[in-house]
Amino acid sequence: YNYNKYHPIEEIYQWMSQISEKYKDVVTQHFLGMTYETRPMNYLKISQPSNNPKKIIWMDCGIHAREWIAPAFCQWFVKEILQNYTDNSRIRTLLSHLDFYILPVLNVDGYIYTWTTNRLWRKSRSSHNNGTCFGTDLNRNFNVSWCSIGASKDCQDITFCGTGPVSEPETKAVTSFIESEKENILCFFTMHSYGQLILAPYGYTKNKSSNHEELIEVGEKAANALKAKHGMTYRVGSSADILYSTSGSSRDWARDIGIPFSYTFELRDTGTHGFILPEDQIQPTCEETMEAVLSVLDDVYNKYW
Amino acid sequence: GQSPPPALYDQSPPPPALYGLGLLLAPSVGLGEAPTPPASCRSVGAQRWPPRCSAPAGLLQQAGARGLHFFNFRAGSPSALRVLAAVQEGRARINPKKGCRVDLAFTTELYNPEEGKERLGKCSAQVFFRKQKPRPAINVTCTQFIEKEKRQEKDFLLYKQMKQLKTPLDVISIPDSHGYIDPSLRPIWDLAFLGSSYVMWEKTTQILYYYMVQLRSVKQWKTQEDAIDFDYTVLLHEFPTQEIVPCDIHLVWYPGKPLKVKYHCQELQTPEEASGTGEGSAAAPTDFKNF
């Protein structure tokens, strides 16, 4: 499987089956829910068999369809963990207490649409107003200060927040699962592009989360680890401070239901290529992002164990 | 509909004599410091537009990027395009009545870096945003980092490459969906970026800024004077709205001569804003009065 290319959804599904078969001791594939166009949303659970109870790390990619580097990273991350867990003590240590739940493509319908019709589509493909208007911005659809700022009630708009909080099946699928496991989830990572940012809560307010300082400290350490790899600068801060105000985001919702380490990663680049990042940048982007994520996981591991 | 939410930014009347208030903003590199937002910003809640205020951190980077759009357009050299490398220092002055002025110093890199050679240019710029209006007034000077003859040589090479391309081009989009640009088509991209720089400068406001994402429907004609007469549609990514804005651009270029640009952008959203049509020539003096 070529991790240095972008893959259409059929190939990603096939890869998921194959990799869970290949590493069946530690990987299982699960069904999260159905999309609007009734496609399955599948995630991978990576879990080292053990007697002790585990905490959960959640990572989703591709909530915005056009951000192709994000699903590419989710696949890379899975590959790195699985190829190295037997002989890499860092990863083995993390797996001794942590299970990874990876959703490589959250917005399946939108992702397919970027392959077949419009490379720059962002939203889901839900139909509104008698089929005259399509798509909800899934990252405005979560039940946290829903549609209060940085989102639109007009379905024509690219930041349409949906007909109500959690109106979309994709959002429902994610929230049902996360809710059911929230006591055990330590990290919620949601991967996007572009901008080269590590964003902490919140977008819907300039107020800071109770653990804001810790999140920034951990984030900055991750940014330094990232920079050490290929020299790229990622800025760290709360979303409202360094990006713009938004409501209904998955990251803010995850934080507010109690998940302590909730981050949005905006991957490469800073505008030269934007969403259409050339394939020759997949590897360096994934390598540096891997360092950042592992850095956060190290800090989280050290905090709890 | 919903009642307006509490404003994110302070809505109390601004204190008097804000003109000349200098905010010293350190370039934020991996740090999450939050400079005070412009006092003229207001949140607009759940309306068609996302909030009218982008967060102020990144303001320096954005000012630098806009300065370079203007610089690149005025230089008219598709083989010597510059992009922002790093902001070294800068400050913003906000006057709630007049707008926002950013002074900054920054380094630049070549848009098309030569293999093995890393050049860093230096620029200083003043970028003045008239309150909520597009087309900021820009004063920008940069150190020369390609010798003039070398630059002219490269421009002529690019010109010849463009002339050799068969029209109509059998290309749907540049780059393709995977980010790939065939090396033979690279001159088209560079020239398009040059023309788009003008458009992006003209459209940008204190809040709105743009990146060029993709070229569509590229056409080329010859003119009597043998200039490159180039007609294309470009997709711009607009921040913070996230919208993709298609613009039809027609540019006329001959190496060493000022660039001429005509454009029309599709305004998808608010009908009350003027549709983005404009034309300009790098030969015309830019209007700096009242700045």
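Helices and strands here are DSSP runs, numbered from the N terminus. The model is predicted.

**Exercise 1. Find which polar partners the side chain of K54(A) has.**

Step 1. Check the backbone. The K54(A) side chain reaches the backbone oxygen of Q48(A) at 2.6 Å.

Step 2. Check side chains. K54(A) and D99(A) are joined by a side-chain polar contact of 2.9 Å.

Step 3. K54(A) then touches, among others, S47(A), L95(A), H97(A) and N184(A). Q48(A) and D99(A) are also in that set.

**Exercise 2. Describe how α1(A) and α4(A) pack.**

Step 1. Take the geometry. Helix α1 (residues 9-22) and helix α4 (residues 108-116) of chain A pack at about 130°, with axes 10 Å apart.

Step 2. Classify the angle. The two helices, α1(A) and α4(A), are therefore oblique to each other.

Step 3. List the residues that meet. From α1(A) come I9(A), I12(A) and Y13(A); from α4(A) come V108(A), Y111(A) and I112(A).

Step 4. Sort by class. The contact of α1(A) with α4(A) has six nonpolar residues, no polar and no charged ones.

**Exercise 3. Characterise the annotated span of chain A.**

Step 1. Read the record. An unreviewed UniProt entry lists residues 5-300 of chain A as "domain: Peptidase M14".

Step 2. Describe residues 5-300 of chain A. The end C-alpha atoms lie 31 Å apart, and the span is 37% helix and 19% strand.

Terms used:
Residues numbered from 1 in each chain as written. Chains lettered and ligands numbered in written order. Predicted model: local features only at pLDDT ≥ 70, side-chain atom pairs only at ≥ 80, totals over all residues. Heavy atoms only, no water. Axes fitted to C-alpha atoms, helices over the stretch in contact; angles between N-to-C directions. Helix = DSSP H or I, 4+ residues; strand = E, 2+ residues; numbered from the N terminus. Parallel < 35°, antiparallel > 145°, perpendicular 65-115°, else oblique. Contact = heavy atoms within 4.5 Å. Nonpolar A, V, L, I, M, F, W, Y, C, P; charged D, E, K, R; others polar. UniProt positions renumbered as here; feature names shortened; annotations may be inferred. Polar contact = N/O pair within 3.5 Å; in protein donor to acceptor, adjacent residues only side chain to side chain. Lists of a residue's contacts leave out its neighbours within four places in sequence.
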